[in-house]
Amino acid sequence: MDEILEILEKDARATSQDIARMLKKKPQKVKEAIKKYEKQGVILKYKTVINKELIKEANSEVRALIEVNIVPQKDVGFDKIAERIYSFQEVSSCYLISGTYDLLLIAEGKDLHTVARFVAEKLSPMENVRGTVTHFLLKKYKEDGVILKHKEENKRIAISY
Amino acid sequence: MKKYISQKVHEMQPSGIRAFFDLVLGMEDVISLGVGEPDFITPWQIREAGIFSLEQGFTSYTSNKGLYKLRISISRYLKQRYGLHYSPDEEILITVGVSEGFDLALRALINSGDKILIPSPSYVSYGPLTELAGGIPVFIDTKDSGFKLTARLLEKNIDKKTKGIILNYPNNPTGISYTKKELEALKKVILKHNMLCLSDEIYADLTYEFEHTPFAKLSNAKNNTVYLNGFSKSYAMTGWRVGFVCGPKEIIAAMTKIHQYTIMCVPITSQMAACEALHVGKKSVDEMRREYKRRREFIISRLNDLGLHCQRPQGAFYAFPSIKKSKLSALDFAQKLLKEEKVAVVPGTAFGAEYKDYVRMSYASSYDNLKEALTRIENFLARNRRK
């Protein structure tokens, strides 16, 4: 992977000026490369990782993993039905996977009721959906490589040889 | 009480910057560029191996030389990585970090009055340990040759009493390292005078511009080389205190004699964890090197823009910029910067009295920290210029 992407993946706030310094390139060249990645859709968006466990009002949000068994369709396989499913705003992630079921969804709602209603009223009745199993998340420990704890304090002594 | 202290220790110069260190340690919210260790904790896989060894009941002494399986792993690693051959039976000794390795080597090799050459600026322990062992440290200032020892400079400092030289590359504090060609030139002189080379290569895995060449790998050099390395910097294991020394079997045997009476053996938990470290392997080390390389470019470019000229470091995670422009001495610069901007750096004088125009900045710190620290240094310079 291009080092520009590697840097931005770790810190989306890194400026093209600083990235240029790190990689010994011209800032203009870095800017152009980033523009190109954005245009190609390699860079989709820039966001902030927030530990919602620490925010009271956000903490009432409910997330669930939903396993979905579906009947693939002729010519389009799973893609068409997947699209119908992931287009719901309740669905935050959607993966086609191998194993005993086909799609794995991560669904979010403001409370249990919202997610349950999505499953019961939107997802399950779909023609090609054979069955669903819903797992509500109880606690998040680690997400996308980030451990969700208070920031670890620095244990190094401040000065040493 | 003074009368009880041995004369030799009494005469040892206390570090002139101890008070400054205490000042740093007493302050809160400091951005520190003064740290001589990696900025992440030991990879979990290695920590887990340490824990598991405790659960399994590995709590005893090991052989004086160190766990055999660790010596075998080191031997294999050196063979694979550099094509260097050291026998795990007779030519490898596990030590409490490179620090102990140096103490042992100097004590095992020095007769009273022997001279040891030390290119400077240099790591803080070489001089005092040489003196403690009864030797005479001869510092060779490398300021005028870009902090690199040259064959000519080396030749000039050799006399009949010269027994050996301490090389440290990549270097703490300058980050300077040597290419194979440069090492060959030094080796010629060293072999010509039948000297020993104590080669501290603890930062070898953090070499950015060329492949690191162990001194022992140069043709005909192995018999005159004591190779010192460890796990601290490559695997972020500073607190575990595990290093190793490789060399001719007679020298290792001599060192082991002292080691068995003073240390007995390195703690077994640390040795077990170190075994795992060698299996974790390249990936995490490579990632770390790439990260440091980027930070290096960032800090060098910023420092040079600020007029704090800096020799381009080729390894380790230190920059050693000149602060001449500030018209402050290293200690004053460091103290003022700490008090006014809460940024800690190490005064160059820690690495030799003549480096009062330099400070050491470690870039083993996050991009955010480096960025903020340099902004503060910029403000500091601007404000002090105006006065």
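**Chain A**

I began with the contacts of chain A (two residues being in contact if their C-beta atoms, placed from the backbone, lie within 7 Å) and found that, among those between residues at least 6 apart in sequence, 51% join residues at least 24 apart. I keep in mind that this is a predicted model, in which local features need pLDDT of at least 70 and side-chain atom pairs count only at pLDDT 80 or more, while totals for chains, interfaces and linings use all residues. Residues are numbered from 1 along each chain as its sequence is written, and chains are lettered from A and ligands numbered from 1 in the order in which they are written.

I then looked up the secondary structure of chain A, which comes to six helices and six strands, where helices (H or I, at least four residues) and strands (E, at least two) are DSSP runs numbered from the N terminus. Read from the N terminus on, the elements of chain A run α-α-α-α-β-α-β-β-α-β-β-β. Chain A is more spread out than a compact globule, because its radius of gyration is 21 Å, well over the 15 Å that the globule rule gives for 161 residues; the radius is taken over C-alpha atoms, and the rule is 2.2 Å times the number of residues to the power 0.38. The C-alpha trace of chain A spans about 65 × 40 × 30 Å along its principal axes.

I noted that buried residues (20 or more other C-beta atoms within 10 Å of their own, the C-beta atoms being placed from the backbone) make up 16% of the 161 residues in chain A.

**Contact of chains A and B**

I looked next at the contact between the chains, which takes 14 residues from chain A and 20 residues from chain B. On the chain B side, helix 2 (18–25), helix 11 (282–305) and helix 13 (367–386) are the elements that give two or more residues, and helix 11 of chain B gives the most, with five residues.

**Domains of chain B**

I found chain B divided into domain 1 (2–41 + 283–386) and domain 2 (44–280), with bounds that come from an automatic or database domain assignment. The centres of the two domains, taken over C-alpha atoms, are separated by 25 Å.

**B:V96**

I finally checked B:V96, which is found in the loop between strand 2 (92–95) and helix 5 (97–109) of chain B. B:V96 counts as buried because 21 other C-beta atoms lie within 10 Å. Not counting residues up to four places away in sequence, B:V96 touches B:R241, B:G243, B:I263 and B:V266.

Methods:
Buried ≥ 20, exposed ≤ 12 C-beta atoms within 10 Å, placed from the backbone.
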